[in-house]
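Reader: I'd like to learn how to read charged pairs in a model. Could you walk me through them with an example?

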Amino acid sequence: IPSFAKALYKWALESLSLVVLGKRLGCLTLDQLPEDSDAQRMITAVNDVFVYLAKLETSLPLYKYISTPSWKKFERALDTVTSVAEKMIKEKLTELRKMEDKPEK
């Protein structure tokens, strides 16, 4: 597999969303995910979090005093992870509320 890490990210995200939200995202296709899809945005952001966290931890801690480019990219990636996760959670809550409001037969 040419990009094993990408396939692993897709599998991890698909597994996590299925377990936590009971919803498949469609990550495990052979086709390339669209760049603007929630799944691809989450995969890219999680990868960026790990990359920039490693850079921040192994360099001088200037980011504690000034907003360095690595810190800005790290924050942006965390914001993306948070916004996509919030969107998915809100969708699941809406679905659960609809199920709750249905009258029993």
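Reader: How many salt bridges does the structure hold?

Author: Side chains of opposite charge can pair when their charged atoms come close. This model is predicted, and it holds five salt bridges. One of them joins the side chains of E14 and R24, at 2.9 Å from N to O. The pair links distant parts of the chain, with E14 in helix α1 and R24 in the loop between α1 and α2, ten residues apart.

Reader: Is E14 buried or exposed?

Author: Buried means under 20% relative accessible area. E14 has 3%, so E14 counts as buried. Leaving aside neighbours within four places in sequence, E14 is in contact with R24, L25, G26, C27 and L28.

Reader: Which residues does the network around D38 join?

Author: Let's build it up pair by pair. R41 and D38 meet through their side chains in a salt bridge of 3.4 Å, N to O. Because they are three residues apart in helix α2, about one helical turn separates them. K87 also forms a salt bridge with D38, and here the closest N and O atoms are 2.8 Å apart. K87 lies in helix α3 and D38 in helix α2, so this pair ties together parts that are 49 residues apart in sequence. Through shared partners, the salt bridges join D38, R41 and K87 into one network.

Reader: At roughly what angle do the axes of helix α2 and helix α3 cross?

Author: Roughly 145°, and the axes come within 8 Å. The crossing of α2 past α3 is left-handed.

Conventions. Residues are numbered from 1 along each chain as its sequence is written. This is a predicted model: local features need pLDDT of at least 70, side-chain atom pairs count only at pLDDT 80 or more; totals for chains, interfaces and linings use all residues. Side-chain values use heavy atoms; hydrogens and water are left out. Axes are lines fitted to C-alpha atoms, for helices over the stretch in contact, and angles run from 0 to 180 degrees between N-to-C directions. Helices (H or I, at least four residues) and strands (E, at least two) are DSSP runs, numbered from the N terminus. A crossing is left-handed if the near helix is turned anticlockwise from the far one by less than a right angle, and right-handed if clockwise. Contact means heavy atoms within 4.5 Å. A salt bridge is a side-chain nitrogen of Lys or Arg within 4 Å of a carboxyl oxygen of Asp or Glu. Buried means under 20% relative accessible area, exposed over 50%, partly exposed in between (1.4 Å probe, protein chains only).
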